[in-house]
Amino acid sequence: MRRVAILISGRGSNMSALIEAAAAEGFPADISLVISNRADAPGLAHAQASGIETLVIESKPFGKDRAGFEKLLQAALDEHRIELICLAGFMRLFTAEFVRHWYGRMLNIHPSLLPSFPGLDPHGQALRAGVKISGATVHFVIPETDAGPIVMQGAVPVANDDTPDTLAARVLGVEHRIYPQALRLLATGGIRIAGDVTTNSAGVSADDSLVAPTVI
Ligand code: GRF
């Protein structure tokens with residue numbers, strides 16, 4: 001059983017999906033700790049309601065002193081003997097040193113099919129680009145934002161009348177599906193990193209295609 005910390009800054013719906021999946025019999029990871037860098041993150045209450053230990057380490061007082069914040073963060077992770085980290089809407093950049101320390105053991109989820117549309121407003125970016133399929137990506141964290149070896153992706157169709165909000169809601173559904181599966185793969189040692197890419201012990205199905213739009 002791998003000991004996992006989830007780092008949040010806000011709503012925490014991906015956190016809740018991970019907690020729910022991990023509560024199932026036989027899941028290979030234990031959500032041992034939820035850490036928020038904001039005391040007002042709504043996700044904290046959900047974690048507590050699920051009986052998960054929570055911790056607030058406010059990052060604001062540290063300003064640009066990233067290393068200072070990470071010292072406290074690392075101490076908490078060590079104290080709880082954390083082996084894997086899942087970033088779930090965690091809105092704070094790390095130093096390259098922290099990222100290197102956790103390389104291969106820290107996942108993030110981004111609501112686009114990376115490497116398309118990293119950074120802010122991914123759904124607006126997708127709509128402006130006119131893509132017909134978007135989705136979400138779970139990837140290992142590297143110093144560059146919203147980049148790093150891709151672990152799993154899920155796709156959704158983009159509708160003619162989508163707004164960033166409606167597309168976000170559709171993508172969020174697939175985020176909640178893939179993040180627990182990606183964590184399961186990682187926790188069971190089913191992911192190999194080779195340079196910039198990963199391979200896995202899972203596989204794909206010939207039926208796993210998505211075509212959009214649908215012409216009747
Ligand atoms: C998600 O869309 C995630 O992909 C992105 O931030 C959002 C967080 O939502 N990194 P939630 O806090 O998990 O509900």
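This is a predicted model: local features need pLDDT of at least 70, side-chain atom pairs count only at pLDDT 80 or more; totals for chains, interfaces and linings use all residues.

Residues are numbered from 1 along each chain as its sequence is written, and side-chain values use heavy atoms, without hydrogens and water.

Helix α1 covers residues 13-22; helices (H or I, at least four residues) and strands (E, at least two) are DSSP runs numbered from the N terminus. Because eight of its 10 residues are buried, α1 is largely enclosed by the rest of the structure. Buried means under 20% relative accessible area with a 1.4 Å probe, protein chains only. The buried residues are S13, N14, M15, A17, L18, I19, A21 and A22. Their cover includes strands β1 (2-8), β2 (29-36), β4 (84-87) and β5 (106-110), along with helices α2 (43-49) and α6 (164-187).

The largest pocket holds about 960 Å³ of space. Of its 35 lining residues, G89, F90, M91, I109 and H110 are the closest to the centre. A pocket is an open set of points on a 1 Å grid over the protein atoms alone, where a 1.4 Å probe fits, with protein on both sides within 12 Å along at least five of seven lines; lining residues have an atom within 4 Å of a point. Helix α1 returns here: α1, β5, α5 (122-129) and α6 each supply at least two residues of the lining.

The second largest pocket has about 620 Å³. Among its 20 lining residues, M152, Q153, G154, V204 and D208 are the closest to its centre. Strand β7 (150-157) gives the largest share of this lining, six residues.

Methods: Buried means under 20% relative accessible area, exposed over 50%, partly exposed in between (1.4 Å probe, protein chains only). Contact means heavy atoms within 4.5 Å. Grid points are joined across faces, edges and corners, and a volume is the space filled by probe spheres set on the points.
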